[in-house]
Each structure stands twice: as C-alpha cells, then as structure tokens.
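Work through the exercises below with the sequence and the 3D structure at hand, and try each task before you read its solution.

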Amino acid sequence: MKLADILNPGRVAVGVAATSKKRALEEIARLLALGAPSVAPADILASLASREKLGSTGLGHGVAIPHGGMIGVSTSIGAFVRLKHPVDYDTHDGQPVDLVFGLLVPQNATGEHLQHLAAIAEKFSDDDLCAQIHAARDDAAVYALLAG
C-alpha cells in the first residue's frame, strides 16, 4: 500500500501551531473530515479520542498515528500534520510528538485498518524520511515525500 492511496495534498499541513495533544487531534480530525464530507469533524475527533483512551498512539521518536473507525466512511482516509512545536503525547519513550499521521477507516474494516497502520508505521520508522519531512519547506514538499 502506498500512502498516496489514502492521502491527498489537501490533507497535509506543515507548521500547525497546536499547543497540546488535544489540539493536534482536533487539527487531524479537521483534515480527515475533508476526505469524509458526510462526517462531522467533532465525530471524527470523538473516534480518535476514544482510541487514545485505550493507549497512546504515539510510536516514539516524535511520531504519532492517531486512528479510528467510523460509520459513514466507505474507504480509508489519511491526513498528516507537522506541528510547529512538539507536544507531549504520552508516548512510551517520553518524547514529544511533532509528526502526526491520522487514519480514519470504515467502522468494520479491521484487516484494512491494520494493513494501513503497519504501512504508516513502517514509513515513519525511516529516520532519513523523518529528517526530510522536518526539513521540507511546505505542504506540497511533505506530500511528495509521503506519497513517494
């Protein structure tokens, strides 16, 4: 699976000024809603927050992959933000997060959900890619890195 299958340039934002994990999730929910116009951003946020209550989706090394399932979504949708300043995200390594890839999947798409999570986690385990994302100047440059 390529991230370009679930991500588009309009759902990538660089330099987001979130001051907390909650604000970062709000921005991811807003961007995910662009790919699911029939679903309210508040409902997406509730799904993401519900998943976070089960345990942090922070991978470590400054990366988080908040995700959730949603009724009314027919295909997986991705969104990405690079935060202006890292935020505390309750990660297992204790490191703050500034790279956040959100994933929204159909309510009962467990297999697809796990495949997408694995592909996203693998992509962000590449230290060189993360360094390039940090150095990228704008949304389009980050999208090109993620979609490639």
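**Exercise 1.** Does His 116 count as buried or exposed, and at what relative accessibility?

*Solution.* Keep in mind from the start that this is a predicted model. The first step is to locate the residue, and His 116 is found in helix H3. The second step is to compare its accessibility with the cut-off, which is under 20% for a buried residue. The value for His 116 is 8% relative accessibility, so His 116 counts as buried.

**Exercise 2.** Describe how the rings of Phe 80 and Phe 124 are arranged, and state which parts the pair ties together.

*Solution.* A pair of aromatic rings is described by the distance of the centres and the angle of the planes. The count for this model is 2 aromatic pairs. In one of them, Phe 80 and Phe 124 lie 5.8 Å apart, centre to centre, with 15 degrees between their planes. Because planes under 30 degrees apart count as stacked, this pair of Phe 80 and Phe 124 is stacked. Finally, Phe 80 and Phe 124 form one aromatic cluster together with Phe 101.

**Exercise 3.** Find which residues have the most contacts inside the largest nonpolar core, and which elements give two or more residues to this core.

*Solution.* In soluble globular proteins, nonpolar side chains tend to be buried together. Here the largest nonpolar core has 26 residues, and those with the most contacts inside it are Leu 32, Ile 44, Val 81 and Leu 83. Two or more residues of this core come from each of strand E1 (12-16), helix H1 (21-34), helix H2 (41-54), E5 and strand E6 (97-106). H1 gives the most, with 7 residues. Apart from this core lies another, of 23 residues, including Ile 65, Phe 101, Leu 146 and Ala 147.

How values were computed
Residues numbered from 1 in each chain as written. Predicted model: local features only at pLDDT ≥ 70, side-chain atom pairs only at ≥ 80, totals over all residues. Heavy atoms only, no water. Phe/Tyr/Trp six-rings, centres within 6.5 Å; stacked < 30°, edge-to-face > 60°. Helix = DSSP H or I, 4+ residues; strand = E, 2+ residues; numbered from the N terminus. Buried < 20%, exposed > 50% of the residue type's maximum accessible area, 1.4 Å probe, protein only. Core = buried A, V, L, I, M, F, W, Y, C linked by side-chain atoms within 4.5 Å.
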